[in-house]
Amino acid sequence: MSKISNYKELIKDINRNKVEKLISDLVKIRSPWFEEKEITKFVKKWLEKEGLNPWYHKVSEKKITKFEGNNVIAKVGNDNGPTILLNAHMDTVKICDSWKRNPLGAEVEGNKLYGQGALDMKSGLAAAMIAMKELKKIENQLKGKVLFTAVVDEEGPYGLGTDALIRDGITDKCDMAIVTEPAAAFAPKGIHNPCLLIGARGRYLYDIRVKGKSAHGSMPYLGINAVIDASKIVLELKKMKLGSHPFLGEGSLCVLMMEGGGETISVPDKCRILADRHVVLGETEEIVRKDVEEVIKKLNIKSKVEIGFRDAPYPEVKGYGAYITSKDHKLVKELESSFKELSGQKPVLSNFASVGILIIWEIKIEQTSLQ
Ligand SMILES: [Zn+2]
């Protein structure tokens with residue numbers, strides 16, 4: 001069977017009504033990170049109804065978050081070819097107060113559906129679920145396998161769902177992966193659909209502790225004011241030279257939090273700074289730490305400063321590295337041609353503006369036939 005007739009067979013039962021219904025059902029389920037119980041059940045049940053025999057994969061983090069939840073996994077195909085991982089997250093960010101529509105209403109207006117997570121990424125989750133349903137129908141024609149993973153806690157602080165997939169060896173046999181995040185929405189300015197995001201910057205979260213010396217507030221000259229010294233550091237961080245990369249763009253730094261002092265008449269002896277640093281290829285943990293050490297050295301402040309990174313459930317993971325998948329990778333080439341055959345347009349290759357989202361990543365290339 002030729003590739004194009006495969007596509008046609010695959011998409012013949014997919015229409016707007018079915019897609020809209022599934023996205024709408026998903027959006028109507030409230031599922032901020034760490035509160036995914038209901039949506040997890042829905043996804044598993046939906047896949048069960050389509051004969052996909054899904055199962056739960058337990059996610060448990062005991063050290064910091066005490067979170068317990070479940071990823072939903074299903075597979076279709078056989079061992080006669082490569083395994084492609086299809087990954088989507090089920091959680092959303094927390095619902096904020098400024099919604100003008102019902103965030104769980106899934107209201108449709110023209111070609112837009114409004115609701116919490118409609119874009120990020122219940123539409124991508126629906127796409128992956130529908131792909132599994134259609135692939136199941138032609139399972140005996142497949143040469144290879146698709147492993148579907150709907151994960152919990154992608155929006156939360158540590159990405160525990162996908163982390164557990166990797167730690168528990170579930171992704172070990174995957175040759176390549178597609179994450180159905182909304183591409184154009186998270187691409188740099190000026191990039192529109194169709195686009196394929198094949199790289200992302202990395203990220204480190206500085207946790208900087210400034211220790212001064214307390215004294216009575218009426219005699220500040222006797223102490224060392226940690227809040228003032230931390231303020232100097234914050235202003236200097238803003239000017240720090242950051243990395244840049246021809247494909248990934250510029251690095252960035254954002255001070256997220258500064259906390260110190262109190263209401264008593266005392267010179268504050270402690271202040272904490274949290275700052276996000278997005279990095280490009282080549283910027284390692286060592287470089288990122290050294291940059292701040294140099295900033296502090298130049299300031300000549302009296303407080304003692306400890307530069308660390310955010311406490312993480314797994315201490316070996318201090319940050320996320322930047323990555324780029326080769327434009328010549330088999331999966332990138334195949335996706336480019338599929339896009340073109342289906343939509344008539346060649347997708348733009350670009351990068352994800354934030355971090356930790358592997359739109360496509362190469363695990364190993366042993367077999368490269370995708371047909
Ligand atoms: Zn997302």
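## Around Val 43

Val 43 touches Leu 26, Val 72, Met 90, Leu 125, Met 129, Phe 148 and Ala 150, leaving aside residues up to four places away in sequence; contact here means heavy atoms within 4.5 Å. This is a predicted model, where local features need pLDDT of at least 70, side-chain atom pairs count only at pLDDT 80 or more, and totals for chains, interfaces and linings use all residues. Residues are numbered from 1 along each chain as its sequence is written, and side-chain values use heavy atoms, with hydrogens and water left out.

Val 43, Leu 125 and Phe 148 touch the most other members of the largest nonpolar core, which has 52 residues. Helix 4 supplies the largest share of this core, nine residues. A second, separate core has 21 residues, including Tyr 204 and Val 288.

A nonpolar core is a set of buried Ala, Val, Leu, Ile, Met, Phe, Trp, Tyr and Cys residues joined through side-chain atoms within 4.5 Å. Buried means under 20% relative accessible area, exposed over 50%, and partly exposed in between (1.4 Å probe, protein chains only).

Helices (H or I, at least four residues) and strands (E, at least two) are DSSP runs, numbered from the N terminus. His 89 is buried at 1% relative accessibility, and Asp 120 is buried at 17%.
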